[in-house]
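Thanks for coming. I have one chain to go through today, and I will keep it brief. Please look at the screen.

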Amino acid sequence: DKLYPACTAALLSILIEHGLRIQWCIVNNRPDKTKAQPTSYYVTLDGHGQRRHHDLLLLPYIIGQDDDKAARDIKSLLVKHLGGSTIA
């Protein structure tokens with residue numbers, strides 16, 4: 001009985017991340033980032049370890065994996081789309 005809240009939280013976190021990933025890809029016009037591919041990272045909530053190599057859902061800018069450094073100056077539109085004013 002005590003295991004159900006933990007299982008529910010684990011499953012919901014996966015669904016929330018996937019939903020945010022889809023929204024991030026739509027508003028930032030990057031449909032190729034919805035799923036993992038052998039040659040590139042996809043956008044995630046987790047920035048631990050390799051955060052400089054892939055985009056994070058809640059960052060206010062797009063990191064990207066492009067060689068073009070100008071891509072780092074692009075603002076992510078997800079926070080505005082969700083109605084958030086700041087990121088903690």
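L12 is found in helix α1. Keep in mind that this is a predicted model. Is L12 buried, partly exposed or exposed? Its relative accessible area is 45%. Buried would need under 20% and exposed over 50%, so L12 counts as partly exposed.

R21 has a relative accessible area of 6%. That is under the 20% cut-off, so R21 is buried. What does R21 contact, leaving aside neighbours within four places in sequence? The list is K33, T34, Y42, V43, T44 and L57.

Two of those names, V43 and L57, come up again in the largest nonpolar core. Helix α1, residues 3–27, gives the largest share of the core, with four residues. Not counting residues up to four places away in sequence, V27 touches L77, L78 and H81.

Last, the chain as a whole. There are two helices and zero strands. Of its 88 residues, 26% count as buried. The chain exposes about 6,600 Å², and carbon and sulfur atoms supply 59% of that area. As for contacts between residues at least 6 apart in sequence, 36% join residues at least 24 apart.

That is what I have.

Notes: Residues numbered from 1 in each chain as written. Predicted model: local features only at pLDDT ≥ 70, side-chain atom pairs only at ≥ 80, totals over all residues. Heavy atoms only, no water. Core = buried A, V, L, I, M, F, W, Y, C linked by side-chain atoms within 4.5 Å. Buried < 20%, exposed > 50% of the residue type's maximum accessible area, 1.4 Å probe, protein only. Contact = heavy atoms within 4.5 Å. Areas by Shrake-Rupley, 256 points an atom, 1.4 Å probe, with all protein chains shown as cover.
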